[in-house]
Amino acid sequence: MTPPDTASVRRSAGLFRLPDRVVLRVRGADRVRWLNGMLTNDVSNLSPGPERSGCHALLLTHQGRVVADFHVLWREAELWLETAASALLPVRERLGRFIVADAVELSEPTPALARLALEGPGAASYLARVTGVRPELSPGSCADVTIAGAGAVVARYGFSGEDAYQLFVAGDHVESVFQALAEAGGDDLVLADEVLLEVLRIEAGLPRIGAELDESVLPSEARLDAAVSTTKGCYTGQEVVARIASQGRVKHLLVGLQAQGAEAIEVGGAVFADEKRVGEVTSSCFSPDAGAIALAFVRRTHEAPGTELRVGERAVRVTTLPFVAPRS
C-alpha cells in the first residue's frame, strides 16, 4: 500500500473534501446571548471582520465533559456551528432543550453547504490565486470570497496543524470551486482524502470527536484549554471546569505514544505500566515521518515524555506532541 503523502502536504498543501463536516446555524434576536450561555468560549466577543469573526468552542455536560466541539463563525444575522456530521443530531437535540423563552432558531443552511479544506504552508497562496486577494484572516476568523464565479465562505483553521483554510460552498458549485483550486495548485497541490487528513491530524496531536472526545472526557484532559474562556459568564459545565482549574490538575491527560515497526498500534488497546492499566489508545496510524504513532489518555503520573509503557505485549514510549512539527 502506498504510504500517505503527508510530507508533500506539509511542504506545499493538500486539498480535501470533507463530507463528514456539517454546519448548524443559530438565528434569532437572542442568538449571541443564548449561545454564549451554552458554549465554553466567549461568543459575545465575536464580531464581523478578519480579526474576531470565529473561535473554537465546546459544548459540555453539566458534569463538564465534552459533548461536541465547534468552530463558531460570525455570519450576518446568524452564527454557524461547524462540527462533525456524527454530532449534528445529538447536538441539535441537546441545544434545543435549552431554548425556552429565547428568540433562537436552530436549522441547517439551505441550500446545503459542501465542505472543502486547503491545508499546508502554500494554502494562502493557492487561495489568493483563485480569489485575487490574499486572505488576511486571524486564526479562526472568516470572510466571504468568490471562487470560479461562486460565492463561498473561507475560515482560517484546520485539522493538520498547518496553516489551513476551510471552505463553505453551496453544493451545486462545489465541483467548480474544487477544480479552480486544483488548477491553481498545479502539480504541487496534493488532491488528498480523509485518510491522509486523519494521519495529519494524529501527527499534529489534535483530538477529534468520536475518538479522543466524548462525554467521558474533560476539556483539560484533552488539552483543550484554549477553547475555554476563563473570563466570560456562566455556561453549562462551568462550575466543574472552574473547580478543576483552581485545583490545577486532572487525573488523565492526552499524550502521544510511539512504537517500533510498521504495524499500527491497536486502537482501543489498554496501556499498561508494568502490570497496571494506566490508559487507553484512542487513535493510531503509521506516519511516514514518525512511524507507528498513537494518541492515548494515560494517568498523569505516566504522561512524561520518555516514559516506557506497553499496549498489549508491544512496547511504546510517551512522546511530546505534535509528533511532526508544522512547517507553516
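Which residues in α4 are buried? In this predicted model, the buried residues of α4 are A123, A124, Y126, L127, A128 and V130. The helix is followed by G132, whose phi is positive, near 85°.

The largest nonpolar core comprises 27 residues, and L118, L127, I147, L167 and L181 have the most contacts inside it. Two or more residues of this core come from each of the following elements: β1 (13-17), β7 (113-119), α4 (123-131), β8 (142-147), β9 (150-155), β10 (164-170) and α5 (174-185). Of these elements, α5 gives the most to the core, with seven residues. In soluble globular proteins, nonpolar side chains tend to be buried together.

When residues up to four places away in sequence are not counted, L127 touches L118, P135, I147, V154, Y165, L167 and L181.

The cysteines remain to be considered. A disulfide is a covalent bond between the sulfur atoms of two cysteines. The structure holds zero disulfides. For C55, the nearest cysteine sulfur is that of C142, 11 Å away, whereas a disulfide requires the two sulfur atoms to lie within 2.5 Å; C55 is therefore in no disulfide. C55 counts as buried because its relative accessibility is 13%, and the cut-off for burial is under 20%. By the criterion of under 20%, C285 is buried as well, because its relative accessible area is 8%.

Definitions and conventions:
Residues numbered from 1 in each chain as written. Predicted model: local features only at pLDDT ≥ 70, side-chain atom pairs only at ≥ 80, totals over all residues. Heavy atoms only, no water. Core = buried A, V, L, I, M, F, W, Y, C linked by side-chain atoms within 4.5 Å. Buried < 20%, exposed > 50% of the residue type's maximum accessible area, 1.4 Å probe, protein only. Helix = DSSP H or I, 4+ residues; strand = E, 2+ residues; numbered from the N terminus. Contact = heavy atoms within 4.5 Å.
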